[in-house]
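Here are my notes for you, with the structure alongside. Have a look at the picture and keep it open as you read.

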Amino acid sequence: MDKLKLGIIGLGGRGQSMTHVLARMKDVEILAVCDEYKDRAEKGGKIARRDNPLITTDYHKVIEIAEIQAIMIFTSWESHIPLAIEAMKAGKDVGMEVGGAYALQDCFDLVKTAEETGKQCMMLENCCYDRFELMVKNLVDQGKFGTVVHCEGGYCHDLRGEIAFGDKNRHYRLRNYLKRNCENYPTHELGPIAKILKINDGNRMVSLTSTASKSCGLHEYFTLKRPNDKELIDAEVKQGDVVTTTIKCENGETIVLTLNTTLPGVYSRKFTVNGTKGMYREDGDVFILEGEKPRGFIRREMKMKGKNHVRRYEHPIWVKYRRERKKGGHGGIDYLVLRAFVTGLLENRYLPIDVYDTAAWMCITPLSEISIANGSQPVEIPDFTHGMYKNRTERNGGMYDLS
Ligand SMILES: NC(=O)c1ccc[n+]([C@@H]2O[C@H](COP(=O)([O-])OP(=O)(O)OC[C@H]3O[C@@H](n4cnc5c(N)ncnc54)[C@H](O)[C@@H]3O)[C@@H](O)[C@H]2O)c1
């Protein structure tokens, strides 16, 4: 059996869980694992012990291994694009975790490197493979929603605990929240929406405006949970608690993204698709009071059996996945996105999330930062495909193709 030979960089929480999934795949061989922290690199070595990988704290040593075909980047946001560029220049394909870019130019550099080297770079956006997002895509593709006019999505996740103890937990979010004010995590919701609206496949995002609320959640949390940490309590938190971004697409659709990670809340990606003949909305009525269990109210007209609907309109990817009873993190979506990457490369296919998607989704972060800094001014979103989005053919693939 042909095996995809991998090197893994970044073994924090995410890197470890993704390595667990990869280490169980028969057609994958992990030749090296790396983290700047020795204990984490060693943990990765244990997870991948079947393949007896090189364990290192220096990522250069991973990239220089000739037999490695693809580099998996599970590091913190800041290093995604630099590492991906270095890996592609060394002749490796890249699978990269989600996150926004830091500068628009970095997105152009990423695309240019992929074009010059002929290597593939796929953002491993697992939410593109979620059962409900794919069900809606299936319905839209069958025309059941009519013409899609408007989509919404969000990253609503109360991360105050993770952020506030970032300096102690060796986590990157705290330093980002102190220094930047932007839509810092757009891709979980934007990825599936972009696939539904055929962004980079006949459509594209042309402009955005972003607005940030004031910033109160983290400061209040620091005061409560880290009362002796004067430096943190006195620090200015740049990141607004809620950032709302409106994107206009060339074909006329609007997309609204909401980032809400520093106030009480329940997890939601707010996935909403509204067409002329149908609509889907993830969120129901939610009521939260800190210290009490979240409560919801089900509307009378919606007490029908949603589960049957999901089965009836299930996307073929999920029909196959449920039949094979595979597992693998976040209810299966980690497995599915990794299979798309692994089988795509082993079969020498064009990957379903390509470097143009990756750049278009990541650029929302620096562009939102510019818009917020300029009083919510509209900012142009570039076309990274050089006009190719109008008529693309290379994305036709097999089972795991999302184009
Ligand atoms: N798709 C998902 O569902 C999902 C879930 C969680 C996290 N993530 C993403 O995964 C990534 C990692 O998140 P995390 O929570 O594991 O973060 P983390 O901070 O716990 O881990 C990141 C690790 O990368 C290492 N690292 C950074 N730069 C490095 C370099 N140059 N060389 C070697 N190691 C380096 C750090 O030492 C750290 O251990 C982020 O992009 C995050 O957004 C995705």
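1. A bit of housekeeping. This is a predicted model, where local features need pLDDT of at least 70, side-chain atom pairs count only at pLDDT 80 or more, and totals for chains, interfaces and linings use all residues. Residues are numbered from 1 along each chain as its sequence is written.

2. The protein chain has 17 helices and 15 strands; these are DSSP runs, with at least four residues (H or I) for a helix and at least two (E) for a strand, numbered from the N terminus. Its radius of gyration is 21 Å, close to the 22 Å that the globule rule gives for 403 residues, so the chain is as compact as a globular protein of that length. (The radius is taken over C-alpha atoms, and the rule is 2.2 Å times the number of residues to the power 0.38.)

3. Now the domains: the assignment, automatic or from a database, gives domain 1 (4-125) and domain 2 (127-316 + 355-385). Their C-alpha centres lie 25 Å apart.

4. Where do they touch? 19 residues of domain 1 are in contact with 24 residues of domain 2, contact being C-beta atoms, placed from the backbone, within 7 Å. On the domain 1 side, H5 gives the largest share, five residues.

5. Finally, the ligand has 25 residues around it, and Gly10, Gly12, Arg14, Thr75 and Glu97 come nearest. Being near means that the C-beta atom, placed from the backbone, lies within 6 Å. Helix H1 (residues 13-23) gives the most to this shell, with three residues.

Terms used. Contact = placed C-beta atoms within 7 Å.
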